[in-house]
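Student: I am new to this structure, and I would like to learn how to read a few of its features. Could we go through them one by one?

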Amino acid sequence: MEKHPGSLCTNPHELYYLRMQRLRERMEREKTTEPNQCKRKLRVCVATCNRADYSKLAPIMFGIKSHPDEFELEVVVLGSHLIDDYGNTFRMIEQDDFDIGSKLHTIVRGEDEAAMVESVGLALVKLPDVLQRLCPDLLIIHGDRFDALALATAAALMNIRILHLEGGEVSGTIDDSIRHAISKLAHYHACCTRRAEKYLIAMCEDHSRILLAGCPSYDKLLSTHHREDYMDIIKGWLGDKVQEHDYIVALQHPVTTDIQHSIKIYGLMLDALISFNKKTLILFPNIDAGSKEMVRTMRKKGIEQHPNFRAVKHIPFEQFIQLVCHAGCMIGNSSCGVREAGAFGTPVINLGTRQTGRETGENVLHVRDADTHNKIYHALELQFGKRYPCSKIYGDGNAVPRILKFLRTINLDEPLQKTFCFPPVKDSISQDIDHILEMQSALSVDLGGTNLRVAIVCMMGKIVKKYTQPNPKTFEARMQLILKMCSDAMRDAVCLNCRILGVGVSTGGRVNAQEGVVLHSTKLIQEWSSVDLRTPISDALHLPVWVDNDGNCAALAERKFGHGRGVENFVTVITGTGIGGGIIHHSELVHGSTFCAAELGHIMVSLDGPECSCGSRGCIEAYASGQALQREAKRLHDEDLLKVEGEDMKLLEPVTAAHLINAAKRGNSKAEAALNKASTALGVGIINILHIVNPSLVILSGVLASYYQAPVQQIITERALFSAQSIKVLTSDLEEPALLGAASLVLDYATRRTY
């Protein structure tokens, strides 16, 4: 194959010396870097394939270039930029004073479907050497062209992070599929509209890696379209006699999924423009399959020689902006018509299905079934010469600063592997023979301050069998008892026709759920800090083991079996001996960076309140826990204030929180005041949670839940922000949230096809 001028060298020796030279240059730069500049520059490669995507990428390139202390810019040019028939538009990149690191001739001529496929293949053959030589930290790709798909595929396979511009949008033709395919390969997204952002989230992309930036081309067109010399530009392209708002800009591309129909529409458009008899600036179509036939149609109709027409292959973007801004009308199916033209209020006629689904302003008149000359001519009569309100659907002129700020936040130490945020789905009822003959089940372990409990829990949340023993005081005795109870349950599971998939452990204290280690225990469980639970249980039972905090397990139980089923964001608050809970956000449990998220009992609601078991003061737990209520009941009893009028209060059993509640129900004002204070503290704490994580539901669990539900709901209605006042507070219907939550750890993960 003949080597094109400017293409990448294929001689191994030349390639070796190029790599060594770049390595030496980088080492020299590192030597001259000041010692206080710890953070290295982000190496950003921008790849541009054609005149259209360069108009979107150029503002970003200028922005990156203007911050040499933070970024290193590499530019790769490929696709139709390097073809004479399409204007050799790589020259405008050089005129913008960008150093082009690589020019790749990747287009196989033919302008049909097979040529597009071959062009993608050729690009995939040439790109690895370029990307390996440049070694970028990030590759920026725009849009939905087949060249861009080759770039994204190569970068993804070479473990290079990808930032995709203008993902999430919807349009017609194969471009839609290509755009969404690139979005799935990309690690980061800079989208233009709120709808595009929502579509990316619906495509299971991580919302934390999506930036709603706006279209970068708007940064240039909004700042430069009020040029004083616009008439000089118009006359330079269309002649001295043309007037503002008295000419047409036409730009029609082939629709690759229906080439023959798009060629027919192109011919009808040309006929309508000839009949309409206005000066028309017509641009050649892009390089997609069908473009050769469209150019042939143009030449058959004599458009290049017609006195009303000026046919051009390329116009610099700054001048094109002026021509569109002051046109009487724009016609065709280019995305420029539905995007950039709206910023000027220029009337647009959109022909065919290529832009179906795009967000448009009121300036766009759609002629989707453009099957006759008369339809298009009538559309020209309706639109020509009108002016519409300016629309900024696609940007406000500040996209580049937002993108640069986003680039600064990219952490190269984060895992490269993409993760997807799938929505919750209903559990399927499998007809696998194992499911029919055996009940898939989990072994649940609940380590409480008093008792140690083990249960066999089936997939539907039914506790098949439960075992209870006093919780030993020493570590050795406790571990021996856990293993013995689990072994007994395993033997019984065989007789009960239950197939045990794994072991889930719920325990008090702070738990590293990733490692299965209890980091710090509560005071109720002694000798229970820095304990690896996963390893000994897994080794003894030969099963996978999951471990989590009891509050988190309660939240998981609600998510799978309770009120939280199908709810994306909710909070569970346990009201028992202490106060705890768990937070479900976007259907996932929140653990926090050091596994102490959702320590809800230790939210402070007073600076000088009663002392809490954590050592602080004014925590919810110090006011509203069972221990706090018991302390208040004992104080009132000791002061002989717990009795009810007309009754002699002589208690033989120890005073508990239940006595305080009963006294309040019977009209004891002191008991009522104590409970009101506890309810207020809990309600205020929950309001803080609502204002921070904004769940759609609060679930109260534990022995005190039924008492607290009504007063907490009332306090939220009275004191929360208006937008949070309608959030419901429900009481859990689950009898064993800790055991069911521990089971859900197993049942949710052990039954997945992938891990």
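Tutor: Let us start with burial: a residue counts as buried when its relative accessible area is under 20%. Keep in mind that this is a predicted model.

Student: Which residues of α2 are buried?

Tutor: In helix α2, the buried residues are Arg51, Asp53, Tyr54, Ser55, Lys56, Leu57, Ala58, Pro59, Ile60, Met61, Gly63 and Ile64. Because 12 of its 15 residues are buried, α2 is largely enclosed by the rest of the structure.

Student: What lies at Leu57 in α2, and what caps the N-terminal end of this helix?

Tutor: At Leu57 there is a kink of about 40°, shortly before the proline Pro59. The N-terminal end of α2 is capped by Asn50, which places a side-chain oxygen 3.0 Å from the backbone nitrogen of Ala52.

Student: How are two packed helices described?

Tutor: Two packed helices are described by the angle between their axes and the distance between the axes. Here, helix α9 (residues 230-238) packs with helix α12 (residues 317-325) at an angle of about 95°, their axes being 9 Å apart. That makes α9 roughly perpendicular to α12. In this packing, Tyr230, Ile233, Ile234 and Trp237 of α9 meet Gln319, Gln322 and Leu323 of α12.

Student: Where is Glu736, and is it buried or exposed?

Tutor: Glu736 sits in the loop between β26 (728-731) and α25 (737-749), and its relative accessibility is 15%, so Glu736 counts as buried. Its side chain is joined to that of Lys466 by a polar contact of 2.8 Å. Leaving aside residues up to four places away in sequence, Glu736 touches Arg453, Ile463 and Lys466.

How values were computed:
Residues numbered from 1 in each chain as written. Predicted model: local features only at pLDDT ≥ 70, side-chain atom pairs only at ≥ 80, totals over all residues. Heavy atoms only, no water. Bend = angle between axes of the 7 residues up to and from the residue. Helix = DSSP H or I, 4+ residues; strand = E, 2+ residues; numbered from the N terminus. Buried < 20%, exposed > 50% of the residue type's maximum accessible area, 1.4 Å probe, protein only. Polar contact = N/O pair within 3.5 Å; in protein donor to acceptor, adjacent residues only side chain to side chain. Axes fitted to C-alpha atoms, helices over the stretch in contact; angles between N-to-C directions. Parallel < 35°, antiparallel > 145°, perpendicular 65-115°, else oblique. Contact = heavy atoms within 4.5 Å.
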